[in-house]
Amino acid sequence: MVLGPTVLVAVAGVATTASLTVVERGREFGLLRALGLGGAAVHRMVTAECALHGVLGGMLRLALGVPYAWLVVRVAEESAPFTVPAGQLAAVFGALVPVTAAAGTVPALRASRTSPTVAVARNG
């Protein structure tokens, strides 16, 4: 019940982070384009970074969430069984990676359209 909104917040966070990354790294993307990297390659690079955010976020969530859930069950009731829904967690983790990659599509498109001359000439 809490998992859905958590995934949505994670996706929104990845999209925001990717947008800020594209703005802050504009000169870098322009330089890469000036050195011959195509727009499609820049798009793939930003999308892969967003997917990596999903992977790392999912791994961190599992690494912290499962022990915390075990602790809560133990504190709440000693005899309560603790089970890990491995199938559901794997499905959510498997869906999280492409969803976070998709969240980076718009920022990746913006990065791939970076003009090399304008980006390199920009101050800052």
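Q: Where do I begin with contacts in the protein chain: what share of those between residues at least 6 apart in sequence join residues at least 24 apart?
A: Contact here means heavy atoms within 4.5 Å. Take the contacts between residues at least 6 apart in sequence. Of these, 81% join residues at least 24 apart. Keep in mind that this is a predicted model.

Q: How many helices and strands does the protein chain have?
A: Count the runs of each kind. The protein chain has six helices and zero strands. Along the sequence, the pattern reads α-α-α-α-α-α. The radius of gyration is 19 Å, well over the 14 Å that the globule rule gives for 124 residues, so the protein chain is more spread out than a compact globule.

Q: What percentage of the residues in the protein chain is buried?
A: Use the cut-off: a residue is buried under 20% relative accessible area and exposed over 50%. Buried residues make up 22% of the 124 residues. Now look at the surface. The protein chain exposes about 7900 Å², and carbon and sulfur atoms supply 71% of that area.

Q: Let me try single residues. Is Thr100 buried or exposed?
A: Thr100 lies in helix H4. Its relative accessibility is 1%, so Thr100 counts as buried. Next, list its contacts, leaving out residues up to four places away in sequence. Thr100 touches Val11, Val14, Cys50, Ala51 and Gly54.

Q: Where is Gly104 found?
A: Gly104 is in the loop between helix H4 (86-103) and H5. A loop residue can be checked for cover too. Gly104 has a relative accessible area of 0%, so it is buried. Leaving out residues up to four places away in sequence, Gly104 touches Ala18, Val46 and Cys50. Cys50 is also among the residues that Thr100 touches.

Q: Which residues does Ser112 touch, not counting those up to four places away in sequence?
A: Ser112 touches Arg33, Gly39, Val42 and His43. Ser112 sits in helix H5 (residues 105-112). At 11% relative accessibility, Ser112 counts as buried. A polar atom of the Ser112 side chain lies 2.8 Å from the backbone oxygen of Leu109.

Q: How many residues apart in sequence are Gly38 and Ser112?
A: Gly38 and Ser112 are 74 residues apart in sequence, and their C-alpha atoms are 7.8 Å apart. Gly38 lies in the loop between helix H2 (26-34) and helix H3 (39-76). Its relative accessibility is 33%, so Gly38 counts as partly exposed.

Q: What distance separates the C-alpha atoms of Ala76 and Arg61?
A: Ala76 and Arg61 are 15 residues apart along the chain, with 21 Å between their C-alpha atoms. Ala76 is in helix H3. At 63% relative accessibility, Ala76 counts as exposed. Gly104 and Arg44 give another pair: 60 residues apart along the chain, with C-alpha atoms separated by 10.0 Å.

Note on methods
Residues are numbered from 1 along each chain as its sequence is written. This is a predicted model: local features need pLDDT of at least 70, side-chain atom pairs count only at pLDDT 80 or more; totals for chains, interfaces and linings use all residues. Side-chain values use heavy atoms; hydrogens and water are left out. Helices (H or I, at least four residues) and strands (E, at least two) are DSSP runs, numbered from the N terminus. The radius of gyration is taken over C-alpha atoms; the globule rule is 2.2 Å times the number of residues to the power 0.38. Buried means under 20% relative accessible area, exposed over 50%, partly exposed in between (1.4 Å probe, protein chains only). Accessible areas come from the Shrake-Rupley method with a 1.4 Å probe; for residues, only the protein chains shown count as cover. A polar contact is a pair of N or O atoms within 3.5 Å; within protein, one must be able to donate a hydrogen and the other to accept it, and residues adjacent in sequence count only if both atoms are side-chain atoms.
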